[in-house]
Amino acid sequence: MNISKDQKQLLRRLQTEIEHGIPERYILERLRSFIGEKPKDEDLDPAWKKIWDKYKATAVKLFHPSDFQNLDEAIQSIKIVDDEITKIRVDGDKVVFLLGAGASAPSGIPEVNDLLPELWKRARKIGRDDLDKLAVWCDERRIVNIEDLLTAAYISNFTATNRGITSLLGYFLFSIGRGPEEEEYVSYRRRPIMSQVDVSSIGFLQETLQTLFGLLTSTMISASPNAVHEAIVEFIDKHPDTSIITTNYDGCMDEALLKHSLQIRGTIAEHEKDNSKAIELIKMHGSINWAYCESCQEVREFDLLKMKETYEKDILSYPVIGICKNCKGTRRPLLVPPLSFKFLMFPNLVDIWNSARQTIEAARYLIVVGYSFSEADTYITKIISHSMSMNHSQRMIIVDTNQNLVPTLRERFSSHIDGFDTRRILSACKNAEEVLPQIVNSMLQKDIQESKTSTTEEATKKQQIAKPV
Ligand SMILES: [Zn+2]
């Protein structure tokens with residue numbers, strides 16, 4: 001897409017002005033003069049659509065009908081999917097799908113920001129005073145991110161049991177031991193980092209939050225595959241060398257593959273490792289059907305479909321947690337909670353992360369679906385950045401509704417990689433469940449006309465329904 005810097009600046013400025021409540025009339029005038037004056041070969045940013053949809057009603061009244069029509073046509077012609085994507089033909093090239101939360105959202109799986117309210121709901125049922133107080137405290141301070149909460153609980157517990165680190169933290173954060181003694185005493189009294197009482201309660205709290213989080217995720221077992229997973233399976237059916245990497249714990253992708261009688265490898269189960277015919281599915285943050293023993297670290301994988309059946313029939317409410325058969329230790333779900341430093345904590349997953357890195361490096365096309373490249377996942381972003389800088393023919397297709405994601409990534413990669421060609425990052429800025437099946441069809445060289453006609457037919461049907469009989 002050819003979008004000038006001036007256009008981007010104008011868009012950003014108008015977006016801020018909209019937030020500040022600048023009159024619609026002013027915004028619309030600026031939009032009209034920009035579209036009227038821009039060079040013909042310059043594309044319009046998809047973000048204009050949102051502004052236009054919001055102010056269209058005012059524009060009808062404000063502008064001359066022919067002006068309005070011209071503007072409306074210009075906006076409606078904005079490309080949501082880069083043309084380049086429809087030209088891609090996979091000819092023995094390695095394709096890797098990378099799935100984030102956005103790929104599972106259509107299956108009804110809550111995204112990160114919805115998790116904390118759910119966690120508090122569960123906490124209230126237990127009726128524990130400390131959790132209630134914490135919920136109120138977070139509420140008052142508008143702490144809504146489960147990642148922040150679990151990270152703070154984890155760090156607190158870690159420092160509580162490591163005295164040396166506690167005093168170092170005191171030095172770094174609160175200048176304890178740096179100033180005159182009296183001041184030091186006062187600041188220490190004001191911010192008592194640790195007392196004997198705190199140690200056990202912090203540990204208990206962290207434990208409870210993590211258990212609640214485990215319970216929360218175990219409800220994901222009842223989710224079923226959506227159009228995203230089905231489209232990937234359709235693609236894999238023709239290109240079995242394709243790999244899938246996911247940061248989701250849920251079993252939707254697994255289920256879609258298994259139900260099409262495809263075998264899976266890349267999981268933690270040893271016996272599948274050499275099965276070269278199986279499809280590679282790498283679950284970087286663990287899986288709801290994986291568990292590990294806290295004492296002997298033995299990992300186990302449970303049959304996902306059986307687990308789902310048991311859960312749905314309500315035979316067991318939390319299927320993975322149990323007792324280790326080897327050492328009688330406590331078994332825990334092997335899933336990485338949203339922690340800021342998750343990659344330090346899970347030695348069981350090191351092999352899995354390494355194979356994710358190798359797989360990403362081997363890809364010609366990396367199709368990224370609903371993955372936000374968040375700050376907390378710097379590890380994955382770094383792998384991709386390194387891979388894109390080593391392999392100059394590698395291309396990324398970003399399927400995401402966030403209009404700012406692709407511009408941000410293009411900027412980020414350009415600043416890291418010398419002479420980076422931004423056209424290596426292609427954008428499909430639309431709901432994944434709608435657009436991914438289209439992309440897959442086009443890559444499989446299926447007649448896209450077919451899907452087009454069916455949409456037109458549907459539209460005609462809808463119109464017919466809408467008409468009074
Ligand atoms: Zn054990």
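Trainee: Which residue in strand 8 is the bridge partner of Cys293?

Mentor: Arg331 is the partner of Cys293 in strand 8. This is a predicted model: local features need pLDDT of at least 70, side-chain atom pairs count only at pLDDT 80 or more, and totals for chains, interfaces and linings use all residues. Residues are numbered from 1 along each chain as its sequence is written.

Trainee: What do you call a strand here?

Mentor: Strands are DSSP runs of E with at least two residues, helices are runs of H or I with at least four, and both are numbered from the N terminus.

Trainee: How many bridges join strand 5 to strand 8?

Mentor: There are 4, and the two strands run antiparallel. Strand 8 covers residues 330–335. Two strands count as paired if DSSP finds at least two bridges between them.

Trainee: What order do the strands take in that open sheet?

Mentor: The order is 6-5-8-7, with antiparallel pairing. Strand 6 (299–301) and strand 7 (322–323) are at the edges, each with a single partner strand, so one side of each has no neighbour in the sheet.

Trainee: What holds strand 5 to strand 6?

Mentor: 3 bridges join them, again antiparallel, and strand 5 spans residues 286–293. Ala291 sits opposite Arg300 of strand 6.

Trainee: And how many bridges do strand 7 and strand 8 have?

Mentor: They pair over 2 bridges, in the antiparallel sense. Ile323 faces Thr330 in strand 8. The hairpin of these strands has 6 residues between them, and Lys328 there takes a positive phi near 65°.

Trainee: Which strand pairs with strand 11?

Mentor: Strand 10 (residues 395–399) does, over 4 bridges in the parallel sense. Val399 has Ala428 of strand 11 as its bridge partner.

Trainee: Now helices. At what angle do helix 13 and helix 14 pack?

Mentor: About 45°, with the axes 9 Å apart. The two helices are therefore oblique (under 35 degrees is roughly parallel, over 145 roughly antiparallel, 65 to 115 roughly perpendicular, and the rest oblique).

Trainee: Which residues of helix 13 and helix 14 make the contact?

Mentor: His229, Glu230 and Val233 come from helix 13, and Cys252, Met253, Ala256 and Leu257 from helix 14. Contact means that C-beta atoms, placed from the backbone, lie within 7 Å.

Trainee: Last one. Is Arg122 buried, exposed or partly exposed?

Mentor: Arg122 is partly exposed, with 15 other C-beta atoms within 10 Å (20 or more within 10 Å is buried, 12 or fewer is exposed, and in between is partly exposed, with C-beta atoms placed from the backbone). Arg122 belongs to helix 7 (residues 112–126).

Trainee: What does Arg122 touch?

Mentor: Leu212, Leu215 and Leu216, leaving out residues up to four places away in sequence. Arg122 and Leu212 are 90 residues apart in sequence, and 7.2 Å apart in space from C-alpha to C-alpha.

Trainee: How many helices and strands are in the protein chain?

Mentor: 20 helices and 11 strands. Of its 469 residues, 30% are buried.

Note on methods. Contact = placed C-beta atoms within 7 Å. Axes fitted to C-alpha atoms, helices over the stretch in contact; angles between N-to-C directions.
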